[in-house]
Amino acid sequence: MSDPSKEWPLWEVFVRGKGGLSHRHVGSVHAADGKMALEHARDTYTRRMEGVSLWVLPSAQIVASDPGDAAALFAPAEDKVYRHPTFYKIPDGITHI
Amino acid sequence: MYTTDLSGKKSKPEAAATEDPAKLAAFEARVAADEFIEPKDWMPEAYRRTLIRQISQHAHSEIVGMLPEGNWITRAPNLRRKAILLAKVQDEAGHGLYLYCAAETLGVSRDEMTEALLSGKAKYSTIFNYPTLTWADIGAIGWLVDGAAIMNQVPLQRTSYGPYARAMVRICKEESFHQRQGYEIMMHLAAGTPEQKRMAQDALNRWWWPSLMMFGPPDDKSPNTEQSMRWRIKRDTNDELRQKFVDITVPQAEAIGLTVPDPDLKWNDARGAYDFGEVDWEEFYAVVRGEGAVAKERMQARVKAWEDGAWVREAARVHAEKRANARVAAE
């Protein structure tokens with residue numbers, strides 16, 4: 001029964017909550033193809049008007065960063081405080097800046 | 001609800017002993033600081049195994065939980081009730097699916113979990129092995145069973161494993177409609193003819209104690225509670241949640257003129273809580289062992305659904321493959 005090749009592939013589901021917002025990851029579904037994945041995503045994740053648009057994509061297609069590399073990837077931004085406006089001292093009386 | 005550890009055995013500590021102590025310490029510190037653990041983060045094997053067991057057991061409970069209520073869809077007393085019950089049962093399927101997909105992020109496949117359920121290896125909540133004899137049972141399930149579920153699930157929105165916590169947030173949002181529709185059914189029956197009121201009282205009599213059992217064995221018989229609380233997989237003990245449930249539910253019963261079937265139930269001013277009678281734990285363990293009134297029927301229904309659907313799963317898979325191959329050939 002559990003021949004893994006017979007399981008429908010996994011799809012990640014993204015929902016746009018309303019116009020003006022970007023699609024956001026909400027979970028996943030199993031489906032034989034993209035059309036069925038959309039139908040399953042609709043039934044599983046939007047039973048209460050949670051969205052106006054759906055994306056599905058095969059989970060196997062996602063390339064993710066390794067959490068073990070998080071320090072190397074993201075920490076260098078920490079010592080670049082000059083990227084933030086609060087780094088700069090502007091005298092009192094100067095406005096609109 | 002369905003998050004009670006039904007294994008009844010203390011999990012083996014040997015796994016912790018073989019983990020890298022530095023990684024383990026860093027992990028414990030993150031969890032203690034209420035950080036979330038995400039799928040690709042390092043985690044101890046025992047944490048992974050406990051979560052797989054707990055989340056899949058919870059998912060199975062949602063799926064099997066559709067059966068007692070599905071039993072009444074065709075016999076709902078009117079169209080309004082029927083539409084509500086259909087929506088509720090569909091929600092339960094949705095809850096099962098959110099949870100299966102959360103468990104899959106831990107490296108277990110959907111088919112493995114299905115097989116564990118159908119072969120009887122995996123447990124699900126004992127509550128679903130009781131039969132739904134009358135329409136009032138649908139009211140009692142929504143009110144008491146879903147009420148107990150909410151009590152158990154609300155704290156799990158802050159559980160340490162990110163995908164599980166996010167699934168619980170969605171589930172809790174949907175669950176309160178379930179409880180209110182159940183209470184409404186009971187309210188109407190209790191205010192109806194003497195016969196209807198008797199039916200409501202009879203349902204409360206049969207579902208009260210099994211609902212209290214849903215919180216799991218008493219704390220001193222729940223060997224894995226301490227570790228699960230440290231890992232933020234569990235956030236309150238079984239007895240704490242059971243007490244909380246009794247305290248909020250008794251006034252709800254009184255408000256609609258129903259009597260909680262416990263002669264020892266008494267408000268304790270000093271504790272600011274209800275004292276209540278002892279749960280029949282022999283019955284609980286018997287149901288966990290699979291001796292519930294309709295345990296066999298439940299599994300037969302799941303096995304039949306799985307086997308009857310095999311040709312559909314197969315046909316859809318082959319059709320998708322054929323179309324994908326045709327696309328490749330055309331390019």
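This is a predicted model: local features need pLDDT of at least 70, side-chain atom pairs count only at pLDDT 80 or more; totals for chains, interfaces and linings use all residues.
Local features need pLDDT of at least 70 and side-chain atom pairs count only at pLDDT 80 or more, while totals for chains, interfaces and linings use all residues; side-chain values use heavy atoms, without hydrogens and water. Residues are numbered from 1 along each chain as its sequence is written, with chains lettered from A and ligands numbered from 1 in the order in which they are written.

Start in chain A. Strands β1 (residues 10-16) and β2 (residues 23-30) of chain A pair in the antiparallel sense over seven bridges. Strands are DSSP runs of E with at least two residues, helices are runs of H or I with at least four, and both are numbered from the N terminus. Two strands pair if DSSP finds at least two bridges between them. Leu10(A) has His30(A) as its bridge partner in β2(A). Six residues lie between the strands of this hairpin, and Gly20(A) there takes a positive phi near 95°.

Positive phi also turns up outside glycine. Met49(A) has a phi near 55°. Met49(A) sits in the loop between α1 and β3 (53-58) of chain A. Its relative accessible area is 79%, so Met49(A) is exposed. The cut-offs are under 20% for buried and over 50% for exposed, with partly exposed in between (1.4 Å probe, protein chains only). In chain B, Arg232(B) has a positive phi of about 60°. Arg232(B) belongs to the loop between α10 (225-230) and α11 (238-255) of chain B.

Now the aromatic rings. The whole structure contains 15 aromatic pairs over all chains. Rings of Phe, Tyr and Trp (its six-membered ring) pair if their centres lie within 6.5 Å; planes under 30 degrees apart are stacked, over 60 edge-to-face, the rest tilted. Tyr45(A) and Tyr98(B) are stacked because their ring centres are 5.5 Å apart and their planes stand at 25°. Tyr45(A) is in helix α1 (residues 34-45) of chain A and Tyr98(B) in helix α5 (residues 79-104) of chain B, so this pair joins two chains. Tyr45(A) is buried at 1% relative accessibility, and Tyr98(B) is buried at 3%. Elsewhere, ring pairs link Phe27(B), Trp42(B), Tyr47(B) and Trp231(B) into a cluster.

Charges meet rings as well. Arg75(B) lies over the face of Trp72(B), 4.1 Å from the ring centre. Arg313(B) places its charged end over the ring of Trp306(B), 3.5 Å from the centre. Such a contact needs NZ of Lys or CZ of Arg within 6 Å of the ring centre and within 35 degrees of the ring normal.

Arg230(B) forms one with Glu28(B), with the closest N and O atoms 3.2 Å apart. Arg230(B) lies in helix α10 and Glu28(B) in helix α2 (residues 21-32) of chain B, so the pair ties together parts 202 residues apart in sequence. Glu184(B) and Arg80(B) meet at 3.0 Å, N to O. Glu184(B) is in helix α8 (residues 162-190) and Arg80(B) in helix α5 of chain B, 104 residues apart. Lys304(B) and Asp308(B) meet at 2.7 Å. Both lie in helix α13 (residues 295-308) of chain B, four residues apart, about one turn of the helix. Finally, salt bridges that share partners join Arg47(A), Arg48(A), Asp91(B) and Glu174(B) into one network.

Conventions: A salt bridge is a side-chain nitrogen of Lys or Arg within 4 Å of a carboxyl oxygen of Asp or Glu.
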